[in-house]
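The following exercises concern selected local features of a protein model. Each task is followed by a solution in steps.

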Amino acid sequence: MADPSEKDQNPTGEEKKEEKEPQEAGNGGGEGENDDENGEEEEYEEEEEEEGEGKGGGGPPTEREKVQSLFRRLSSGPVRLRVHDVVIRGNAKTKDSVIEAEVLDAFRSASTMQELLQAAGVANERLRRLEVFDSVSITLDAGPPELPGTSNVIIDVVEAKPLTGDIGIFTKPEARSWSLEGSVKLKNLFGYGDIWDASGAYGWDQASEISAGLSLPRLKAISTPLVGRVSLLSQDWLKFSSYKERLLGLSFGLLSTTRHNLAYNLTWRTLTDPTGMASKSVRRLLGHSLLSSIKYTYKIDHRDSHLRPTRGYAFLSSTQVGGLGPDSKSLRFIRQEFDLRGAFPLGFYNSALNVGVAAGVILPWGRGFMDLPSPLPERFYVGGHSSPVCNLSGPASLLGFRTRGSGPTDSRRFIPSKSDDSPTFPGSDVLGGDLAVTGFADLSFDLPLKLFRESGIHGHVFVNAGNLAKLTENKFKDFSFRKFGESFRSSAGFGIIFPTKLFRMEINYCYILKQFEHDHGKTGIQFNFSSP
Amino acid sequence: MGDERREEKKGSLVLVARKSCFGLPTACPSCLPVYIYLRFADASFDIHFDVSNPDSDHVPYVEFGDYVAFNNEKGGVIECLKEDSIVDLDSKLPSLSVPEWVSTKAMISTWLAEAVQYELWVASDGSIANKIYFSDLPWPIGKILHWKQTRAVKQLCGITSLNAVEKEAEIYRKANIAYDALSTRLGAQEFLFDSRPTTVDAIFLGHALFVLHALPDTSVLQNSLLKHANLVTYAEYLKTDFLEASSSSSIPRSPFDASSSSSMPRKNASSRWRSEPRPKAKRERTEEEKIFRRRAKYFLATQLVAVIVFLSLFGGADGSEDAGDYEED
């Protein structure tokens with residue numbers, strides 16, 4: 001057992017990796033066992049991959065011996081060590097309390113060296129997740145000489161530049177397609193780890209949005225991050241359903257983990273029809289409404305890749321309840337979506353079979369709900385150009401049909417004229433459905449050329465089907481599963497997929513197997529985009 | 001006619017108007033004249049209330065199958081109905097009275113309408129407007145829209161904080177002049193012009209009923225109207241006669257009936273109704289434009305695809321992307 005000397009063993013700056021070591025502020029009971037650590041100056045740097053391994057980096061043999069003996073001691077049994085003090089350096093703007101709140105409880109529970117090193121890693125990750133620091137490093141220093149068996153934790157942070165901006169292409173969970181978004185972020189304005197951002201987005205489906213948000217890592221007692229957002233969004237559906245949507249909304253993310261997501265949304269929505277051509281069903285639904293809803297999403301994705309899944313499964317369940325709040329005049333509805341995917345590898349050519357089925361239903365609630373219509377923008381619309389394979393987005397896509405290209409429709413306004421000319425049909429509005437079911441099967445395989453294989457370009461053959469039905473306003477009496485099954489729209493095709501860093505592009509040839517009157521399905525070559 | 005769909009509903013005319021209160025079939029001062037007009041014409045129609053569009057000028061509107069007459073088009077619902085020959089009250093107006101008829105109509109539609117708007121939005125405490133327009137909307141929306149509408153009316157009347165008093169006096173002065181003129185015009189007759197109801201009667205009756213029933217007793221406008229006894233009698237008498245009588249189930253007398261089923265107008269072979277034609281030249285141009293646009297889209301798409309193929313082949317896209325969480329410890 002080597003005697004640890006008073007020498008400083010810290011290879012300064014060399015191997016200061018980004019680690020955080022949680023430290024207790026020395027609250028432990030006076031259990032400072034007088035081991036050989038008495039009055040030592042030891043600094044341990046912890047690497048994330050290797051636990052409890054200090055790198056002496058080619059020092060004198062005595063150093064190495066010292067380190068080796070330390071390891072022996074560490075591996076032989078718990079080495080009692082507690083934290084005396086936490087020193088935070090480098091935070092000009094960030095409040096100490098913010099950093100301490102992230103790390104203290106991890107350190108509090110550590111009473112041995114091993115636990116301390118583990119806790120350090122945890123704290124490191126937590127502080128990094130705040131996104132307000134450029135780099136974080138934690139070193140364990142020996143405690144004051146008069147207190148044996150203690151150590152100090154020194155946290156060095158480098159704060160990030162306060163203002164950043166970026167531009168990119170994203171898919172938001174609420175959006176059904178991707179959008180070009182530019183945003184400006186102000187980090188840590190008040191020192192509480194707060195991130196303010198303002199962004200403008202222009203979406204592929206003629207949606208434009210300006211929003212500003214605030215995210216707080218924690219608010220007093222609540223330890224999950226809180227996100228609040230104010231947004232003004234305008235979306236143009238004139239071509240498909242003869243209405244324009246304008247939303248002024250306030251949303252709060254209440255809970256956000258890898259699997260669960262809970263958000264509250266308060267929105268003032270206005271539907272207008274500046275052209276005056278809307279059909280009767282849409283015309284009746286124009287106007288102002290208040291949406292106060294909670295949305296809970298449960299999502300698991302165990303597939304091996306987002307761009308080209310070959311094995312695994314994924315599941316999404318999304319529930320939205322609208323009409324919460326004392327005001328009975330806000331929109332009241334319940335919307336439920338399910339989405340199940342599976343990917344199965346087949347032996348040859350790196351091919352895989354992806355299958356998926358998705359279903360959704362929306363119903364109003366409240367007095368006399370059977371006669372009420374469901375809100376127009378919340379209904380399900382099946383169609384569009386985004387591939388169903390990668391993203392879990394509910395029953396929404398049907399390749400081969402244009403956006404909102406299938407389902408119940410209503411004829412638009414008829415404008416009479418006095419002259420003798422052949423009548424032209426004014427077109428029809430897509431109304432969406434209250435019940436939607438879609439399914440697909442997709443077989444992907446490598447292309448024979450090595451060039452393609454290396455860059456990830458592969459081919460696929462697919463078939464997909466979908467259907468919509470109206471249930472509200474007493475239409476559920478006419479509904480029958482047999483009729484629903486018989487009226488499924490379907491398409492099949494093949495194509496090549498180009499996965500790039502920004503998005504996933506497909507060039508497909510789609511053949512429409514079955515479509516009905518007023519659907520907009522087109523057989524031919526199409527480009528489909530989806531976000532990775 | 002024997003058309004099943006038509007016999008199902010009692011007349012396929014539907015009037016969509018704002019809600020009914022204060023004992024009036026519809027309490028909004030711009031919807032009430034349309035209602036009365038349809039009643040005068042003895043048209044059978046259903047009324048449907050719209051509660052979500054208090055600030056939009058397309059309400060009231062009349063639907064007849066797939067045909068719609070909005071209030072913000074072509075001079076208003078009544079004008080549209082007359083022009084499209086659906087319901088026309090004024091077809092038999094003697095040509096001699098036309099100039100006076102037109103100026104009376106203009107006077108009611110401007111001076112008296114402005115006075116009502118002023119009383120409803122600016123002069124009162126807002127409770128009447130709330131009841132008519134915003135009582136079925138959620139509270140925050142109602143409050144904001146009410147404020148917006150008040151500001152809009154003030155701008156329309158040209159009222160600012162400096163000239164508020166003079167403007168108010170001017171509005172009431174004009175209203176008084178109008179009432180005097182109408183009272184003189186009416187005399188002891190049953191209707192304002194001719195011995196039958198015309199559009200002017202409908203508009204004035206709508207105004208009078210609103211002033212008498214919806215505005216509070218302290219209203220200046222109501223007090224001015226009450227000074228003219230013959231106008232008040234006229235209003236009450238017509239109200240009992242036309243509005244409170246049970247709605248007739250007669251088939252609409254409009255010539256529009258002659259055509260076949262209105263709910264499928266495109267199959268209509270009648271020469272009256274054709275969809276709006278586009279001038280031939282414009283249609284051809286649009287065809288060419290469409291072809292050009294399609295070709296341009298294909299061209300751009302090909303360019304984009306070429307760039308992407310180049311990037312992915314030679315830029316090397318990332319392989320399977322994992323979630324990126326690296327293992328710790």
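**Exercise 1.** Determine where N188(A) lies and whether N188(A) is buried or exposed.

*Solution.* In this predicted model, N188(A) belongs to the loop of chain A between β5 (179-187) and β6 (195-203). Its relative accessible area is 3%. Since buried means under 20%, N188(A) is buried. Next, consider the surroundings: leaving aside residues up to four places away in sequence, N188(A) touches K93(A), T94(A), V132(A), E159(A), G193(A) and D194(A). With T94(A), the side chain of N188(A) makes a polar contact of 2.8 Å.

**Exercise 2.** Describe how helices α7 and α10 of chain B are oriented and which residues meet.

*Solution.* Helix α7(B) covers residues 164-186 and helix α10(B) residues 229-243. Their axes come within 9 Å and cross at roughly 70°. Angles of 65 to 115 degrees count as roughly perpendicular, so α7(B) is roughly perpendicular to α10(B). At the contact, Y179(B), L182(B), S183(B) and L186(B) of α7(B) meet N230(B), L231(B) and Y234(B) of α10(B). These residues comprise five nonpolar, two polar and no charged.

**Exercise 3.** Classify the aromatic pair of Y118(B) and Y172(B), and state which parts of chain B the pair ties together.

*Solution.* Over all chains, the count is 17 aromatic pairs. For Y118(B) and Y172(B), the centres are 6.0 Å apart and the planes are at 85°. Planes over 60 degrees apart count as edge-to-face, and the pair is therefore edge-to-face. Y118(B) lies in helix α4 (residues 98-123) and Y172(B) in helix α7, so the pair ties together parts 54 residues apart in sequence. Both tyrosines are buried.

Technical notes
Residues are numbered from 1 along each chain as its sequence is written. Chains are lettered from A and ligands numbered from 1 in the order in which they are written. This is a predicted model: local features need pLDDT of at least 70, side-chain atom pairs count only at pLDDT 80 or more; totals for chains, interfaces and linings use all residues. Side-chain values use heavy atoms; hydrogens and water are left out. Helices (H or I, at least four residues) and strands (E, at least two) are DSSP runs, numbered from the N terminus. Buried means under 20% relative accessible area, exposed over 50%, partly exposed in between (1.4 Å probe, protein chains only). A polar contact is a pair of N or O atoms within 3.5 Å; within protein, one must be able to donate a hydrogen and the other to accept it, and residues adjacent in sequence count only if both atoms are side-chain atoms. Contact means heavy atoms within 4.5 Å. Axes are lines fitted to C-alpha atoms, for helices over the stretch in contact, and angles run from 0 to 180 degrees between N-to-C directions. Angles under 35 degrees count as roughly parallel, over 145 as roughly antiparallel, 65 to 115 as roughly perpendicular and the rest as oblique. Ala, Val, Leu, Ile, Met, Phe, Trp, Tyr, Cys and Pro count as nonpolar, Asp, Glu, Lys and Arg as charged, and the others, Gly among them, as polar. Rings of Phe, Tyr and Trp (its six-membered ring) pair if their centres lie within 6.5 Å; planes under 30 degrees apart count as stacked, over 60 as edge-to-face and the rest as tilted.
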